There are 2 protein chains.
Amino acid sequence: MDISVLHNSILFKGFDDTEISELLKALNATEKKYNKGEMIFSSGEITDKLCFVTAGGVTIESNDMWGNRTILNLVGKGQFFTESYALLPDVPMLVDVCAAEDCSIVFLSMKSLADLNDTIRARLLANLLTITTRKNLHLSSRSFHTAPRQVRGRIMAYLNTVSVQKHSREFDIPFDRQQLADYLNVERSVLSNELSKMQRDGLIRCRKNHFEIITVTYLPG
Amino acid sequence: MDISVLHNSILFKGFDDTEISELLKALNATEKKYNKGEMIFSSGEITDKLCFVTAGGVTIESNDMWGNRTILNLVGKGQFFTESYALLPDVPMLVDVCAAEDCSIVFLSMKSLADLNDTIRARLLANLLTITTRKNLHLSSRSFHTAPRQVRGRIMAYLNTVSVQKHSREFDIPFDRQQLADYLNVERSVLSNELSKMQRDGLIRCRKNHFEIITVTYLPG
DNA sequence: CCCCAAATGTTGTAATTACAACATACTTTC
DNA sequence: GAAAGTATGTTGTAATTACAACATTTGGGG
């Protein structure tokens, strides 16, 4: 198991190596590898596992009965997922979790939290609070990215966020075209088309998943 | 200040009357009334206040520069909001908070958390964790309600959720038409129109904000 | 009971998107 | 470096939505 990634995670912030090893044991940590496209959880499942990405990445998505996918979030190396369901173990999952690429996941049993001593548990809970709070902001972000009614507005909303996060007008995005379309809740072909128009209009430049924002001020029309 | 609502809140679960009174003092609890439509927070603001609705309700919304509103969440009596921003006090708010009706809000300073003794703080943090976790599920819910591409699909997704929550095919929703439209990210007139069609098609019955689902199985086309 | 204001419903047209089908580019494997 | 497979770009048409304008209903105050 790749301990180093876990050591730098938010969950174990403030814990030393010995404590982390003991915690991993206490929480029944297990690791499993998945191939791109494999399903890790399906909607309706119940779990008490807090999941951690040690390699690769997964998408949190909703797939309706007509095959439409909506990507709610992309969880990359060093990040957690299913924390909500792990902490509210009565609630069946509303989402699917799917390997966005070959990846490796560590599962931690939150049921076992109760067995820890108070001090350790308090420190863990404080860290969990940070995780859920940040996840909240991520979920809110997507709402802003899908709020504009037009495709161009959604693209710009998303690209602006990434640009601010990376402190640069030039950056890579973690999505391919189909994933970005599913994240922004638009048709892939319409997305491709709009990206072309935006390049012709001199708003952006892009090649594959590398983007450059030429003009910041986006005006509708 | 209306103590009884706070006593039954998730935040103070497990605390007795004396402890709650002390905590309210320690967290500099203040109460303020707002009229319908009044702004409580604007996007860009920074706050360390955890907010609690003692009466009425507020909307968490995004208003873009062209006057388009998107309602992310409706927070009613007995519920909390801005917990993410209170706990991550560096992060400027992405949303506006607006009084959906005449309401009364209690503000709790999270900066003051640090001054509490370890035991009390640990218990509070555990309760905060429940609040943020539930908020996460609410935010996810909205994503499912706005995931369908067609208006009818969005309406059914939303009504189904409410129906499940209330354990009944007949229920009131907390939104008026404009609010529901802004929550589902569609035009108000299109929403009204679609509701009419759905009644003609025998899917639902509704009058004002009272709804009845006639047929559960919704098939596209 | 009437008037007013707000909320909701209806309709038509312009604009946008969905969808399918196809074209091109890029990767990987042998 | 061909072949096959995947990802991305382009285009046209049908369907849907946005928007504006107007009609109707509802719920108070006078």
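Modeller: Chain B puts 38 residues into the contact and chain A puts in 38 residues, where contact means heavy atoms within 4.5 Å. Bear in mind that this is a predicted model, in which local features need pLDDT of at least 70, side-chain atom pairs count only at pLDDT 80 or more, and totals for chains, interfaces and linings use all residues. Residues are numbered from 1 along each chain as its sequence is written, chains are lettered from A and ligands numbered from 1 in the order written, and side-chain values use heavy atoms, without hydrogens and water.

About 3400 Å² is buried between chain B and chain A, with 65% of that from carbon and sulfur atoms (accessible area, 1.4 Å probe, lost on putting two parts together and summed over both). On the chain B side, Leu129(B), Phe144(B) and Arg149(B) give up the most area to chain A, together 19% of what that side buries.

Inside chain A, look at helix H4 (residues 118-146) and helix H6 (residues 177-184), whose axes lie 9 Å apart at an angle of about 90° (axes are lines fitted to C-alpha atoms over the stretch in contact, angles run from 0 to 180 degrees between N-to-C directions; helices are DSSP runs of H or I, at least four residues, and strands of E, at least two, numbered from the N terminus). So H4(A) is roughly perpendicular to H6(A), a label for 65 to 115 degrees; under 35 is roughly parallel, over 145 roughly antiparallel, the rest oblique. Ser141(A), Arg142(A), His145(A) and Thr146(A) of H4(A) touch Asp182(A), Tyr183(A) and Leu184(A) of H6(A).

Finally, UniProt (unreviewed entry) puts "domain: Cyclic nucleotide-binding" at residues 11-116 of chain A. That stretch of chain A is 14% helix and 41% strand, with its end C-alpha atoms 15 Å apart.

How values were computed. UniProt positions are given in the numbering used here, feature names are shortened, and annotations may be inferred rather than shown by experiment.
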